[in-house]
Amino acid sequence: MGRVTRQTQSQRSSQREGRLLQAERLPDHADRLFRAAYALCDTSHDAEDLVQETYARVLRRPRFIRRDGDLAYLLRALRNTWIAMRRAKAARAQTVELGEEVDWIADPEADPGATALEVSVAYAAMRELSDPLRETIVAVDVVGLSYREAARALRIREGTVMSRLFRARERVAAALEGGAS
Amino acid sequence: MSADTGHERVHRLLSTTGPATPLALRERLAAQAERPVRRARPRVALAGAVATIAVAAVLALTLVAGLGNGPTIAEAARPSALAATAPAPAQDARRPALLRASFAGVSYPDWNQQFGWRTTGRRHDSLDGGRTAETVFYQHTHHRIGYTVVSGKPLKRPGHAQRFVVNGLQMLAYKDGRRDVVTFERNGRTCVLAGVVHRRSTLVKLASWKADGAIVF
(Lines give C-alpha, C1' and ligand atoms only; values in the text may rest on other atoms or scores of the structure.)
Protein backbone atom coordinates (compact mmCIF):
# COMPACT_ATOMS: atom_id res chain seq x y z
CA MET A 1 0.00 0.00 0.00
CA GLY A 2 1.08 3.59 -0.37
CA ARG A 3 2.98 5.40 2.31
CA VAL A 4 2.10 8.60 4.01
CA THR A 5 5.06 10.94 3.81
CA ARG A 6 6.00 12.13 7.28
CA GLN A 7 6.44 15.86 7.53
CA THR A 8 9.08 17.37 9.75
CA GLN A 9 8.20 19.84 12.47
CA SER A 10 9.84 22.71 10.55
CA GLN A 11 7.84 21.89 7.42
CA ARG A 12 4.61 21.97 9.42
CA SER A 13 5.46 25.26 11.06
CA SER A 14 6.42 26.92 7.76
CA GLN A 15 3.17 25.71 6.24
CA ARG A 16 1.19 27.31 9.05
CA GLU A 17 2.93 30.64 8.53
CA GLY A 18 2.47 30.68 4.76
CA ARG A 19 4.81 31.81 2.03
CA LEU A 20 4.88 33.00 -1.53
CA LEU A 21 5.12 30.40 -4.27
CA GLN A 22 8.54 30.84 -5.86
CA ALA A 23 8.13 31.17 -9.61
CA GLU A 24 11.74 30.33 -10.35
CA ARG A 25 11.34 26.91 -8.72
CA LEU A 26 8.29 25.91 -10.72
CA PRO A 27 10.23 24.29 -13.59
CA ASP A 28 11.68 21.86 -11.01
CA HIS A 29 8.23 20.27 -10.80
CA ALA A 30 7.78 19.97 -14.56
CA ASP A 31 8.47 16.22 -14.68
CA ARG A 32 5.93 15.28 -12.01
CA LEU A 33 3.31 17.59 -13.43
CA PHE A 34 3.81 16.38 -16.99
CA ARG A 35 3.39 12.79 -15.82
CA ALA A 36 0.22 13.76 -13.99
CA ALA A 37 -1.05 15.64 -17.03
CA TYR A 38 -0.24 12.71 -19.30
CA ALA A 39 -2.22 10.39 -17.03
CA LEU A 40 -5.19 12.77 -17.16
CA CYS A 41 -5.14 13.68 -20.86
CA ASP A 42 -5.64 11.60 -23.97
CA THR A 43 -2.50 12.70 -25.81
CA SER A 44 0.91 14.12 -25.03
CA HIS A 45 -0.06 17.27 -26.96
CA ASP A 46 -2.96 17.83 -24.60
CA ALA A 47 -0.70 17.08 -21.65
CA GLU A 48 1.80 19.69 -22.81
CA ASP A 49 -0.97 22.23 -23.26
CA LEU A 50 -2.34 21.43 -19.83
CA VAL A 51 0.99 21.88 -18.05
CA GLN A 52 1.76 25.09 -19.89
CA GLU A 53 -1.68 26.55 -19.26
CA THR A 54 -1.44 25.59 -15.58
CA TYR A 55 1.88 27.41 -15.25
CA ALA A 56 0.49 30.41 -17.08
CA ARG A 57 -2.47 30.59 -14.69
CA VAL A 58 -0.35 30.13 -11.59
CA LEU A 59 2.15 32.76 -12.71
CA ARG A 60 -0.52 35.31 -13.53
CA ARG A 61 -0.19 36.77 -10.05
CA PRO A 62 1.74 36.13 -6.84
CA ARG A 63 0.46 33.02 -5.03
CA PHE A 64 0.43 32.80 -1.26
CA ILE A 65 0.56 29.23 -0.01
CA ARG A 66 -0.53 28.53 3.56
CA ARG A 67 -0.76 24.80 4.05
CA ASP A 68 0.21 22.95 0.89
CA GLY A 69 3.57 22.10 -0.52
CA ASP A 70 4.35 23.52 -3.97
CA LEU A 71 3.56 20.25 -5.67
CA ALA A 72 0.19 19.84 -3.96
CA TYR A 73 -0.72 23.42 -4.89
CA LEU A 74 0.34 22.85 -8.49
CA LEU A 75 -1.61 19.61 -8.69
CA ARG A 76 -4.76 21.41 -7.56
CA ALA A 77 -4.13 24.11 -10.17
CA LEU A 78 -3.48 21.44 -12.80
CA ARG A 79 -6.71 19.65 -11.94
CA ASN A 80 -8.76 22.86 -12.09
CA THR A 81 -7.18 23.75 -15.44
CA TRP A 82 -7.81 20.22 -16.74
CA ILE A 83 -11.50 20.47 -15.84
CA ALA A 84 -11.77 23.88 -17.53
CA MET A 85 -9.93 22.73 -20.66
CA ARG A 86 -12.00 19.56 -20.89
CA ARG A 87 -15.23 21.56 -20.74
CA ALA A 88 -13.97 23.87 -23.48
CA LYS A 89 -12.85 20.93 -25.59
CA ALA A 90 -16.19 19.17 -25.20
CA ALA A 91 -17.91 22.30 -26.45
CA ARG A 92 -15.70 22.25 -29.55
CA ALA A 93 -16.25 18.51 -30.15
CA GLN A 94 -13.24 17.94 -32.35
CA THR A 95 -11.31 14.85 -33.24
CA VAL A 96 -7.60 14.82 -33.84
CA GLU A 97 -5.64 11.83 -34.97
CA LEU A 98 -1.91 12.16 -34.77
CA GLY A 99 0.80 9.61 -34.20
CA GLU A 100 1.28 9.43 -30.45
CA GLU A 101 4.80 8.75 -29.32
CA VAL A 102 6.38 9.51 -25.98
CA ASP A 103 9.69 8.51 -24.48
CA TRP A 104 9.48 6.74 -21.15
CA ILE A 105 12.04 7.55 -18.53
CA ALA A 106 12.79 5.93 -15.21
CA ASP A 107 14.13 7.51 -12.05
CA PRO A 108 17.37 6.10 -10.67
CA GLU A 109 15.42 4.28 -7.96
CA ALA A 110 13.01 2.71 -10.45
CA ASP A 111 12.46 -1.02 -10.50
CA PRO A 112 15.03 -2.26 -13.03
CA GLY A 113 12.53 -4.93 -14.06
CA ALA A 114 9.95 -2.36 -15.13
CA THR A 115 9.63 -2.16 -18.88
CA ALA A 116 8.33 0.58 -21.12
CA LEU A 117 5.47 -1.76 -22.00
CA GLU A 118 4.48 -2.04 -18.34
CA VAL A 119 4.50 1.71 -17.88
CA SER A 120 2.46 2.29 -21.00
CA VAL A 121 -0.03 -0.38 -19.87
CA ALA A 122 -0.26 1.30 -16.46
CA TYR A 123 -0.91 4.73 -18.00
CA ALA A 124 -3.47 3.28 -20.39
CA ALA A 125 -5.20 1.59 -17.45
CA MET A 126 -5.25 4.88 -15.52
CA ARG A 127 -6.98 6.57 -18.43
CA GLU A 128 -9.72 3.95 -18.23
CA LEU A 129 -10.46 4.80 -14.59
CA SER A 130 -13.28 7.09 -13.56
CA ASP A 131 -12.20 10.68 -12.88
CA PRO A 132 -12.23 10.38 -9.06
CA LEU A 133 -10.13 7.22 -9.08
CA ARG A 134 -7.77 8.60 -11.71
CA GLU A 135 -7.24 11.89 -9.89
CA THR A 136 -6.46 10.04 -6.67
CA ILE A 137 -3.91 7.63 -8.10
CA VAL A 138 -2.30 10.52 -10.00
CA ALA A 139 -2.04 12.59 -6.82
CA VAL A 140 -0.53 9.84 -4.68
CA ASP A 141 1.39 7.54 -6.99
CA VAL A 142 2.35 9.78 -9.92
CA VAL A 143 2.85 13.13 -8.19
CA GLY A 144 3.91 11.61 -4.86
CA LEU A 145 1.67 13.48 -2.45
CA SER A 146 0.89 12.14 1.02
CA TYR A 147 -2.69 11.09 1.71
CA ARG A 148 -3.25 14.32 3.61
CA GLU A 149 -1.87 16.50 0.80
CA ALA A 150 -3.86 14.56 -1.78
CA ALA A 151 -7.02 14.97 0.31
CA ARG A 152 -6.49 18.74 0.44
CA ALA A 153 -5.61 19.02 -3.23
CA LEU A 154 -8.67 17.03 -4.30
CA ARG A 155 -10.92 18.43 -1.55
CA ILE A 156 -11.92 15.04 -0.21
CA ARG A 157 -11.40 13.17 3.07
CA GLU A 158 -8.26 11.16 3.72
CA GLY A 159 -10.37 8.04 4.09
CA THR A 160 -11.83 8.66 0.65
CA VAL A 161 -8.32 9.01 -0.73
CA MET A 162 -7.41 5.62 0.69
CA SER A 163 -10.50 3.83 -0.58
CA ARG A 164 -10.25 5.37 -4.05
CA LEU A 165 -6.56 4.66 -4.19
CA PHE A 166 -7.19 1.03 -3.29
CA ARG A 167 -9.72 0.61 -6.09
CA ALA A 168 -7.56 2.48 -8.60
CA ARG A 169 -4.48 0.40 -7.83
CA GLU A 170 -6.55 -2.74 -7.95
CA ARG A 171 -7.56 -2.00 -11.54
CA VAL A 172 -4.14 -0.87 -12.70
CA ALA A 173 -2.59 -3.96 -11.10
CA ALA A 174 -5.12 -6.15 -12.91
CA ALA A 175 -4.23 -4.46 -16.20
CA LEU A 176 -0.55 -5.05 -15.54
CA GLU A 177 -1.23 -8.68 -14.79
CA GLY A 178 -3.16 -9.07 -17.99
CA GLY A 179 -1.17 -6.80 -20.28
CA ALA A 180 2.47 -7.01 -19.33
CA SER A 181 2.99 -10.32 -17.57
CA MET B 1 0.14 -12.29 -6.88
CA SER B 2 -1.46 -10.92 -3.66
CA ALA B 3 -3.34 -7.62 -3.66
CA ASP B 4 -0.69 -5.91 -1.54
CA THR B 5 2.13 -7.01 -3.82
CA GLY B 6 0.17 -5.89 -6.85
CA HIS B 7 -0.58 -2.50 -5.28
CA GLU B 8 3.03 -2.09 -4.23
CA ARG B 9 4.10 -2.83 -7.79
CA VAL B 10 1.71 -0.19 -9.16
CA HIS B 11 2.93 2.37 -6.64
CA ARG B 12 6.58 1.65 -7.38
CA LEU B 13 6.06 1.71 -11.13
CA LEU B 14 4.09 4.96 -11.23
CA SER B 15 6.20 6.81 -8.70
CA THR B 16 9.51 6.07 -10.36
CA THR B 17 8.75 5.84 -14.07
CA GLY B 18 6.73 7.87 -16.53
CA PRO B 19 6.73 9.80 -19.78
CA ALA B 20 9.68 12.09 -20.33
CA THR B 21 8.86 15.78 -20.29
CA PRO B 22 9.41 17.07 -23.84
CA LEU B 23 12.40 19.37 -24.08
CA ALA B 24 10.37 22.06 -25.85
CA LEU B 25 7.86 22.12 -23.00
CA ARG B 26 10.63 22.31 -20.43
CA GLU B 27 12.09 25.32 -22.25
CA ARG B 28 8.72 27.04 -22.51
CA LEU B 29 8.05 26.54 -18.79
CA ALA B 30 11.48 27.90 -17.87
CA ALA B 31 10.85 30.96 -20.05
CA GLN B 32 7.42 31.45 -18.44
CA ALA B 33 8.87 31.23 -14.96
CA GLU B 34 11.55 33.81 -15.78
CA ARG B 35 8.98 36.46 -16.65
CA PRO B 36 8.29 38.68 -13.65
CA VAL B 37 5.07 37.92 -11.81
CA ARG B 38 2.79 40.92 -11.63
CA ARG B 39 2.69 42.40 -8.15
CA ALA B 40 -0.66 42.93 -6.50
CA ARG B 41 -1.76 46.57 -6.50
CA PRO B 42 -2.99 48.21 -3.33
CA ARG B 43 -6.74 47.93 -2.98
CA VAL B 44 -7.19 51.70 -2.56
CA ALA B 45 -6.15 52.13 -6.18
CA LEU B 46 -8.75 49.66 -7.40
CA ALA B 47 -11.56 52.14 -8.04
CA GLY B 48 -9.25 54.45 -9.98
CA ALA B 49 -7.87 51.55 -11.96
CA VAL B 50 -11.36 50.35 -12.89
CA ALA B 51 -12.31 53.84 -14.06
CA THR B 52 -9.11 54.15 -16.10
CA ILE B 53 -9.68 50.74 -17.70
CA ALA B 54 -13.27 51.65 -18.57
CA VAL B 55 -12.19 54.89 -20.26
CA ALA B 56 -9.36 53.10 -22.09
CA ALA B 57 -11.75 50.39 -23.27
CA VAL B 58 -14.21 52.95 -24.64
CA LEU B 59 -11.36 54.74 -26.44
CA ALA B 60 -9.99 51.49 -27.83
CA LEU B 61 -13.40 50.40 -29.07
CA THR B 62 -13.92 53.77 -30.74
CA LEU B 63 -10.53 53.55 -32.41
CA VAL B 64 -11.05 49.98 -33.54
CA ALA B 65 -14.47 50.80 -34.94
CA GLY B 66 -13.01 53.76 -36.78
CA LEU B 67 -10.00 52.04 -38.25
CA GLY B 68 -11.54 48.64 -38.97
CA ASN B 69 -10.24 45.31 -37.71
CA GLY B 70 -7.56 43.21 -39.37
CA PRO B 71 -8.79 39.97 -40.91
CA THR B 72 -9.34 36.97 -38.72
CA ILE B 73 -7.84 33.57 -39.44
CA ALA B 74 -11.30 32.42 -40.54
CA GLU B 75 -11.40 35.23 -43.12
CA ALA B 76 -7.88 34.37 -44.24
CA ALA B 77 -8.97 30.75 -44.69
CA ARG B 78 -11.95 31.71 -46.87
CA PRO B 79 -10.06 32.07 -50.21
CA SER B 80 -9.02 28.42 -50.02
CA ALA B 81 -12.68 27.48 -50.51
CA LEU B 82 -12.99 29.64 -53.64
CA ALA B 83 -12.05 28.89 -57.23
CA ALA B 84 -8.58 29.47 -58.61
CA THR B 85 -8.21 32.52 -60.84
CA ALA B 86 -4.70 31.92 -62.17
CA PRO B 87 -2.75 28.91 -63.45
CA ALA B 88 -0.88 26.63 -61.11
CA PRO B 89 2.74 27.55 -60.40
CA ALA B 90 5.34 25.05 -61.55
CA GLN B 91 8.08 23.40 -59.58
CA ASP B 92 11.24 25.43 -59.07
CA ALA B 93 13.83 23.50 -61.07
CA ARG B 94 16.70 24.71 -58.90
CA ARG B 95 14.91 24.08 -55.60
CA PRO B 96 12.69 21.01 -56.15
CA ALA B 97 11.00 21.26 -52.72
CA LEU B 98 9.57 24.65 -53.70
CA LEU B 99 7.27 26.07 -56.35
CA ARG B 100 8.12 29.00 -58.57
CA ALA B 101 5.75 31.09 -56.48
CA SER B 102 6.19 33.22 -53.39
CA PHE B 103 4.24 35.94 -51.63
CA ALA B 104 5.30 38.42 -48.94
CA GLY B 105 8.66 36.66 -48.69
CA VAL B 106 7.16 33.20 -48.25
CA SER B 107 7.85 30.53 -50.89
CA TYR B 108 5.19 27.89 -51.46
CA PRO B 109 6.24 24.26 -51.04
CA ASP B 110 6.00 21.62 -53.77
CA TRP B 111 4.37 18.56 -52.19
CA ASN B 112 3.93 16.56 -55.36
CA GLN B 113 7.04 14.44 -55.22
CA GLN B 114 6.96 13.80 -51.48
CA PHE B 115 3.24 13.53 -50.76
CA GLY B 116 1.47 13.40 -54.12
CA TRP B 117 -0.32 16.74 -53.72
CA ARG B 118 -0.12 18.55 -57.08
CA THR B 119 -0.82 22.24 -57.61
CA THR B 120 -4.00 23.14 -59.47
CA GLY B 121 -4.10 26.95 -59.45
CA ARG B 122 -3.74 30.15 -57.47
CA ARG B 123 -5.68 33.29 -56.61
CA HIS B 124 -5.08 36.72 -55.08
CA ASP B 125 -7.49 38.36 -52.62
CA SER B 126 -7.87 41.59 -50.70
CA LEU B 127 -8.76 41.16 -47.05
CA ASP B 128 -9.92 43.51 -44.28
CA GLY B 129 -7.49 46.06 -42.91
CA GLY B 130 -5.75 46.64 -46.23
CA ARG B 131 -4.21 43.16 -46.19
CA THR B 132 -3.74 40.99 -49.24
CA ALA B 133 -3.50 37.23 -49.47
CA GLU B 134 -2.19 34.82 -52.06
CA THR B 135 -3.51 31.27 -52.17
CA VAL B 136 -2.03 28.30 -54.00
CA PHE B 137 -4.31 25.28 -54.42
CA TYR B 138 -3.19 21.68 -54.15
CA GLN B 139 -5.10 18.52 -54.98
CA HIS B 140 -4.72 14.86 -54.02
CA THR B 141 -7.28 12.35 -55.29
CA HIS B 142 -10.54 14.28 -54.78
CA HIS B 143 -9.26 16.41 -51.89
CA ARG B 144 -8.41 20.06 -52.49
CA ILE B 145 -6.67 22.38 -50.06
CA GLY B 146 -5.48 25.97 -50.20
CA TYR B 147 -2.24 27.39 -48.83
CA THR B 148 -2.83 31.07 -48.08
CA VAL B 149 -0.15 33.56 -47.11
CA VAL B 150 -1.33 36.89 -45.65
CA SER B 151 0.68 40.08 -46.07
CA GLY B 152 1.67 42.22 -43.09
CA LYS B 153 2.08 41.38 -39.43
CA PRO B 154 0.89 38.03 -38.07
CA LEU B 155 -2.86 37.89 -37.53
CA LYS B 156 -4.47 37.43 -34.14
CA ARG B 157 -4.48 33.78 -33.17
CA PRO B 158 -7.86 32.08 -32.88
CA GLY B 159 -8.67 31.44 -29.23
CA HIS B 160 -10.62 28.24 -29.81
CA ALA B 161 -7.89 26.37 -31.71
CA GLN B 162 -5.81 23.46 -30.59
CA ARG B 163 -2.06 23.94 -30.51
CA PHE B 164 0.44 21.52 -32.05
CA VAL B 165 4.20 21.54 -32.21
CA VAL B 166 5.45 19.20 -34.93
CA ASN B 167 8.93 19.19 -36.37
CA GLY B 168 9.60 22.33 -34.34
CA LEU B 169 6.76 24.26 -35.96
CA GLN B 170 4.01 25.68 -33.78
CA MET B 171 0.58 25.38 -35.34
CA LEU B 172 -2.99 26.09 -34.34
CA ALA B 173 -5.74 23.89 -35.71
CA TYR B 174 -9.50 24.01 -35.61
CA LYS B 175 -12.53 22.84 -37.51
CA ASP B 176 -14.64 25.21 -39.58
CA GLY B 177 -17.69 23.24 -40.64
CA ARG B 178 -16.39 20.35 -42.76
CA ARG B 179 -13.09 22.07 -43.39
CA ASP B 180 -9.98 21.71 -41.29
CA VAL B 181 -7.89 24.83 -40.79
CA VAL B 182 -4.26 24.87 -39.67
CA THR B 183 -2.45 28.16 -39.20
CA PHE B 184 1.20 28.90 -38.50
CA GLU B 185 3.82 31.52 -39.20
CA ARG B 186 6.60 31.58 -41.76
CA ASN B 187 9.01 34.44 -42.07
CA GLY B 188 6.76 36.57 -39.84
CA ARG B 189 3.70 36.03 -42.05
CA THR B 190 0.52 34.20 -41.21
CA CYS B 191 0.02 31.09 -43.32
CA VAL B 192 -3.28 29.23 -43.41
CA LEU B 193 -3.76 25.74 -44.76
CA ALA B 194 -7.42 24.83 -45.16
CA GLY B 195 -9.57 22.27 -46.89
CA VAL B 196 -11.63 19.13 -46.51
CA VAL B 197 -9.34 16.21 -45.73
CA HIS B 198 -9.75 12.79 -44.18
CA ARG B 199 -7.55 13.63 -41.22
CA ARG B 200 -6.37 16.89 -39.80
CA SER B 201 -2.98 15.29 -39.31
CA THR B 202 -2.57 15.46 -43.10
CA LEU B 203 -2.58 19.26 -42.96
CA VAL B 204 -0.30 19.22 -39.92
CA LYS B 205 2.13 16.93 -41.73
CA LEU B 206 2.15 19.05 -44.89
CA ALA B 207 2.51 22.32 -42.98
CA SER B 208 5.43 21.09 -40.90
CA TRP B 209 7.37 19.52 -43.78
CA LYS B 210 10.71 21.27 -44.02
CA ALA B 211 12.32 19.23 -46.81
CA ASP B 212 15.55 18.92 -44.82
CA GLY B 213 15.79 22.67 -44.41
CA ALA B 214 14.95 23.59 -48.01
CA ILE B 215 11.68 25.17 -46.85
CA VAL B 216 12.46 28.15 -44.67
CA PHE B 217 10.18 29.01 -41.74
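Modeller: Chain A has eight helices and three strands. Keep in mind that this model is predicted. Read from the N terminus, the elements of chain A follow the order α-β-α-α-β-α-β-α-α-α-α. The chain has 181 residues, and 41% of them are buried. Now take the contacts in chain A between residues at least 6 apart in sequence. Of these, 71% join residues at least 24 apart.

Start the close look with two helices. Helix α2 of chain A covers residues 30-40, and helix α6 of chain A covers residues 131-142. Their axes are 10 Å apart, and the packing angle is about 155°. An angle over 145 degrees counts as roughly antiparallel. Therefore α2(A) and α6(A) are roughly antiparallel to each other. The crossing of α2(A) past α6(A) is right-handed.

Which residues of α2(A) and α6(A) meet? From α2(A) come A:Arg35, A:Ala36, A:Ala39 and A:Leu40. From α6(A) come A:Arg134, A:Val138 and A:Val142. Sorted by class, this contact of α2(A) with α6(A) holds five nonpolar residues, two charged residues and no polar ones.

Next, stay on α6(A) and turn to another partner. Helix α7 of chain A spans residues 147-154. The axes of α6(A) and α7(A) come within 9 Å and cross at roughly 135°. That angle makes α6(A) oblique to α7(A). The crossing of α6(A) and α7(A) is right-handed. On the α6(A) side, the contact is made by A:Glu135, A:Thr136, A:Ala139 and A:Val140. On the α7(A) side, it is made by A:Tyr147, A:Ala150, A:Ala153 and A:Leu154. The residues in the contact of α6(A) with α7(A) divide into six nonpolar, one polar and one charged.

Now look at the core. The largest nonpolar core has 55 residues. Which of its residues touch the most other members? They are A:Ala36, A:Ala37, A:Leu75, A:Ala122 and A:Val172. Helix α2(A) gives this core its largest share, eight residues. A:Ala36 links two parts of the picture: this residue of α2(A) meets α6(A), and it is also among the core residues that touch the most other members.

A:Val172 deserves a separate look. Leave aside its neighbours within four places in sequence. A:Val172 is then in contact with A:Ala122, A:Ala125, A:Met126, A:Ile137 and B:Val10. One of these partners, B:Val10, belongs to chain B. A second, separate core has 35 residues, including B:Trp117, B:Tyr147, B:Val181 and B:Val204.

Finish with two backbone details in chain B. Most residues other than glycine have a negative phi. B:Asn187 has a positive phi, near 55°. Where is B:Asn187 found? It is in the loop between β9 (179-186) and β10 (189-195) of chain B. B:Asn187 has 13 other C-beta atoms within 10 Å, so it is partly exposed. B:Ala211 also has a positive phi, near 50°. B:Ala211 lies in the segment after α6 (200-208) of chain B. With 16 other C-beta atoms within 10 Å, B:Ala211 is partly exposed.

Key: Residues numbered from 1 in each chain as written. Chains lettered and ligands numbered in written order. Predicted model: local features only at pLDDT ≥ 70, side-chain atom pairs only at ≥ 80, totals over all residues. Axes fitted to C-alpha atoms, helices over the stretch in contact; angles between N-to-C directions. Helix = DSSP H or I, 4+ residues; strand = E, 2+ residues; numbered from the N terminus. Parallel < 35°, antiparallel > 145°, perpendicular 65-115°, else oblique. Left-handed = near helix turned anticlockwise from the far one by under 90°. Contact = placed C-beta atoms within 7 Å. Nonpolar A, V, L, I, M, F, W, Y, C, P; charged D, E, K, R; others polar. Core = buried A, V, L, I, M, F, W, Y, C linked by C-beta atoms within 7 Å. Buried ≥ 20, exposed ≤ 12 C-beta atoms within 10 Å, placed from the backbone.
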